[in-house]
Amino acid sequence: MIFQRAVRREFTQAAAGVFTALFAIMLTTQLIRLLNEAVQGKVEAEAVAALLGFAALNYLPHLLSLSLFVAILLCLSRAYRDSEMVVWFACGLPLTAWIRPVLGFAAPLVVTIAVLSFFLSPWALSESIEFRNKLSTRRDAGQVAPGTFQESSTGNRVVFVEEVADDTSHVRNVFVSDTRPDRLGITVAGKGHQEIAANGDRFIVLEDGRRYEFAPGSAEFSQVEYARYAVRLETKEARGVVQTPRSMGTLELLAHDSRQHRSELLGRLSLPISAVVLALLSIPMSFVNPRAGRSANMLLAILAYLFYNNLVTIGQEWVARGKLSFAVGLLGIHLLMLCLLPVLFYKRIAVSSFLRLSR
């Protein structure tokens with residue numbers, strides 16, 4: 001029990017330190033990117049904090065998986081450098097005896113990674129996309145300052161409102177200029193309001209006005225008087241109503257059988273599975289020769305982590321293209337990495353290897 005508590009405490013301290021460093025790097029890079037977008041006018045300055053929070057939730061499962069892997073590597077490598085593993089082996093304990101404490105420490109983190117991957121990360125991505133869509137089209141919603149010309153986010157529409165009602169439900173004396181490749185339209189109205197159609201599209205409805213249309217390069221124009229005229233400001237897709245597989249919940253993904261949905265489900269299932277496999281692989285890969293360099297094993301371990309992640313990404317792409325079935329993509333990649341586990345353990349445990357015998 002003393003050993004279990006000591007190992008758990010060391011693993012926890014190392015994981016907390018690694019996660020803090022990785023999380024700070026992620027927050028810094030995302031903050032710089034969002035501030036750059038805010039300077040360019042793509043997002044509002046007050047929305048940076050919310051978008052940063054959504055991005056953090058989206059990256060958390062990846063950061064936790066990497067933190068778990070690196071923390072176990074650091075702790076066991078330190079035991080090799082300080083000759084504690086020599087005492088471990090001298091007591092008759094094999095290297096495989098580390099599997100139990102490592103899995104005991106990894107279990108709550110793997111559960112957290114699974115919850116984040118299956119539920120919180122897709123929700124954060126969906127909210128982030130919807131929030132960005134609302135920001136990019138907020139100007140088109142008619143929420144303009146009275147007496148100023150407001151250009152749409154796409155640049156093809158200009159809206160002028162002379163007066164806004166006290167309850168903001170209606171605007172009065174509206175001027176709308178919309179440009180298309182084949183014509184220029186000017187619409188004026190005494191008042192207007194917003195409506196969302198049954199299909200999810202958003203419209204600004206003008207009442208008691210006139211519309212003029214001009215053909216480029218021609219002096220002819222048409223004039224129409226109307227009692228009610230609707231201008232579509234935003235489609236259902238632009239409002240974020242239609243979700244992509246990445247932003248769908250896991251239960252929604254299970255209800256679809258397309259290749260794209262299966263590919264996304266493969267990626268989500270791979271995160272907790274790969275966390276367990278990486279935790280086990282870190283045990284034999286943590287070997288350090290105290291008389292040699294101290295960073296060689298860490299470099300090889302990071303390369304193995306990148307190789308594993310690339311395999312999962314390639315498997316997702318092949319499933320999405322129909323080159324690989326979902327079952328083969330899910331089981332084949334992780335079984336391949338698990339097959340390396342006994343080989344690495346044997347290399348660390350065996351007194352004499354095949355190469356030594358051949359000499």
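1. Arg-78 and Glu-84 form a salt bridge, with their closest N and O atoms 3.0 Å apart; the term means a side-chain nitrogen of Lys or Arg within 4 Å of a carboxyl oxygen of Asp or Glu. Arg-78 is partly exposed at 22% relative accessible area, and Glu-84 is partly exposed at 39% (buried is under 20%, exposed over 50%, partly exposed in between, with a 1.4 Å probe and protein chains only). Both belong to a salt-bridge network that links Glu-10, Arg-78, Asp-82 and Glu-84.

2. A word on the basis: this is a predicted model, where local features need pLDDT of at least 70 and side-chain atom pairs count only at pLDDT 80 or more, while totals for chains, interfaces and linings use all residues. Residues are numbered from 1 along each chain as its sequence is written, and side-chain values use heavy atoms, leaving out hydrogens and water.

3. The structure holds 14 salt bridges. One of them joins the side chains of Arg-183 and Glu-213 at 3.4 Å, N to O. This pair links distant parts of the chain, 30 residues apart: Arg-183 sits in the loop between strand 3 (171-179) and strand 4 (184-196), and Glu-213 in strand 5 (residues 202-214). Helices (H or I, at least four residues) and strands (E, at least two) are DSSP runs, numbered from the N terminus. Arg-183 counts as buried because its relative accessible area is 16%, whereas Glu-213 is partly exposed at 27%.

4. Have a look at helix 6 (residues 259-285) too, where Glu-264 and Arg-268 lie 4 residues apart, about one turn of the helix. Their side chains meet in a salt bridge of 3.1 Å, N to O, and both residues are buried.
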